[in-house]
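Open your viewer and get ready to select a few residues in turn.

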Amino acid sequence: MDRYVQQFINRLSLAFIIAATFILLVLFIRTPETCVNPNITKPKPHHRFPKSTCDFAHRTYTSIKKHNRRVWSTTAWIQTVLSFKSQFQTLQDKKLFTKHSRALVVSAGAGQAVMALKEMGLHDITGVEVVDSLPLVRRADPHSLPFFDNAFDLGFSAYLDRALFPDRYVAEMERTVRLGGACVVAVEECGGREVEEVVKLFRKSKVLGIRNVTMGDETRTRIVLRVMSD
């Protein structure tokens, strides 16, 4: 009796396995209703983002140029660029750079400071960041800049306080800015001893001025220095 029961259970299990395999095969072969028809040349908005993974065709690609136009037209971007232009204008008024200067922007982010200098008429501007943001910013390690000594007339960084190794960061700025050129950096708003600690990082430069300024939506302490030795 037990032998017949065991045989029945085995046959029942086999039947379940066959049925489950058939169902999975049908589900795999069948095209889900949420799939995008590859023959549709102009899909509707809800077709561009199907809920299933059945669509292996390339979706609409947004070019860098189109993406940049969107970002650069936002209020936040425009206001940040204007705030940088205001800061650069004060530096230009002090004869720290001209339209013909070679400028380096370290930790340039998405490139607002680079764009600000471009809009002021500078042509030779290099923006670097650990992640590139073309066409304004190229990828480079701020602690090991891929430039020759004395390559720039102006070195600028709005975010020195975010450097992993501030001493190396500053040394690279001083190395790449020529004798007589200017290094301009900004850190989180501070004063007194904290400012002195920042200034001590610059071994080859002389302080020209320190003040609190607005950069983007932040109030930061700006330190302007002139490179005095190689």
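**Starting at threonine 176**

Select threonine 176, which lies in helix α5, residues 166–176 (helices are DSSP runs of H or I of at least four residues, strands are E runs of at least two, both numbered from the N terminus). This is a predicted model, where local features need pLDDT of at least 70, side-chain atom pairs count only at pLDDT 80 or more, and totals for chains, interfaces and linings use all residues. Residues are numbered from 1 along each chain as its sequence is written, and side-chain values use heavy atoms, with hydrogens and water left out.

Is threonine 176 buried or exposed? Threonine 176 counts as buried because its relative accessibility is 0% (buried is under 20% relative accessible area, exposed over 50%, partly exposed in between, with a 1.4 Å probe and protein chains only).

The side chain of threonine 176 reaches the backbone oxygen of glutamate 172 at 2.9 Å, and one of its polar atoms lies 3.2 Å from the backbone oxygen of methionine 173.

**Across the chain**

Finally, colour the buried residues of α5: Tyr169, Val170, Glu172, Met173, Glu174 and Thr176. Their cover includes β1 (102–106) and β4 (152–157).

Note on methods
Polar contact = N/O pair within 3.5 Å; in protein donor to acceptor, adjacent residues only side chain to side chain. Contact = heavy atoms within 4.5 Å.
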